[in-house]
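Here is a short briefing on a protein chain.

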Amino acid sequence: MLPRSLSSPNCAPRKDGTCVRFLIIHYTACDLAETLRILTDGASPRPVSAHYVIAEDGEIFQLVPEEMAAWHAGTSYWGAYEGLNTWSIGIELVNPGHGASYRPFTEAQTKALLELGEDIQERHSIPAYHVLGHADIAPTRKSDPGELLDWARLASRGLGCHVPFEETPLIMDAEGCQELLRDIGYHVHVTGERDEETTAALRAFAYRCAPLCIHDPWDGRVMATLLSYHARVHEGL
Ligand SMILES: [Zn+2]
């Protein structure tokens, strides 16, 4: 199905020397009508947008052409990349978001995401390990799209990386954990402390691969899963 085309003024040419290297997935935290209003509101004091919005019935809306940078990532980092708007395509999934109404992404939405995501990934040669959630690139600010997205199913189609949850805990100190997170791409500093930044990055990882532990991301099973993920990503390099 072709996306329905709308136009958002909230975009800019990609910065010189940059191109699409990432696909970033979000949830909207509001309904479809409100989403489309916000993402096309050029008069907003904090203008935002995304390239695509996928409604709960699976309908796809395109708001910004892919050659332009949409304003969906904000202050964000991954590995050596900073300010990911200019390096990415952003897809917003309509969902009420974390809170009382957070609910599984619908089958129609997930299917539409798979189809659209694979198409984007192929056209821009985006590696699987560069298909990430907003929480991954801005862990202290964002928690979307969160643990109810079927990350394993996406990864089974090459969209993102995923490893099975490791049931056997691994003991790892904060420094070791920070080095692993950094090597994967998360923006954390090696402080040797269980600081807020590291806890947030671990939680972002747990949304994707260890959802049982999102309330205690220092659980040894998260460490074990992180080590396995690190190995998986490096096999693919
Ligand atoms: Zn987001």
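The centres of domain 1 and domain 2 are 23 Å apart, taken over C-alpha atoms. The model is predicted. Domain 1 covers 4-156, and domain 2 covers 174-235.

**Where the domains touch**

- Twelve residues of domain 1 contact 14 residues of domain 2.
- On the domain 1 side, strand E7 (77-78) and helix H3 (134-137) each give two or more residues.
- That side of domain 1 has six nonpolar, four polar and two charged residues.

**Helix H6 on its own**

- Helix H6 runs over residues 196-209.
- At 1.5 Å a residue, its 14 residues should span 20 Å. The end C-alpha atoms of H6 are 20 Å apart, which agrees.
- Eleven of the 14 residues are buried, so H6 is largely enclosed by the rest of the structure.
- Among the buried residues of H6 are Thr198, Leu202, Arg203, Phe205 and Arg208.
- The buried residues of H6 pack against strand E10 (131-133), H3, helix H4 (151-156), helix H5 (174-184) and H7.

**H6 meets H7**

- Helix H7 spans residues 220-235. The axes of H6 and H7 come within 11 Å.
- They cross at roughly 75 degrees. H6 and H7 are therefore roughly perpendicular to each other.
- From H6, Leu202, Phe205, Ala206 and Cys209 take part in the contact. They meet Val222, Thr225, Leu226 and Tyr229 of H7.
- An α-helix has 3.6 residues a turn, so residues three or four places apart point the same way.
- The contact of H6 with H7 has seven nonpolar residues, one polar residue and no charged residues.

How values were computed: Residues numbered from 1 in each chain as written. Predicted model: local features only at pLDDT ≥ 70, side-chain atom pairs only at ≥ 80, totals over all residues. Domains from an automatic or database assignment. Contact = placed C-beta atoms within 7 Å. Helix = DSSP H or I, 4+ residues; strand = E, 2+ residues; numbered from the N terminus. Nonpolar A, V, L, I, M, F, W, Y, C, P; charged D, E, K, R; others polar. Axes fitted to C-alpha atoms, helices over the stretch in contact; angles between N-to-C directions. Parallel < 35°, antiparallel > 145°, perpendicular 65-115°, else oblique. Expected span 1.5 Å × (residues − 1). Buried ≥ 20, exposed ≤ 12 C-beta atoms within 10 Å, placed from the backbone.
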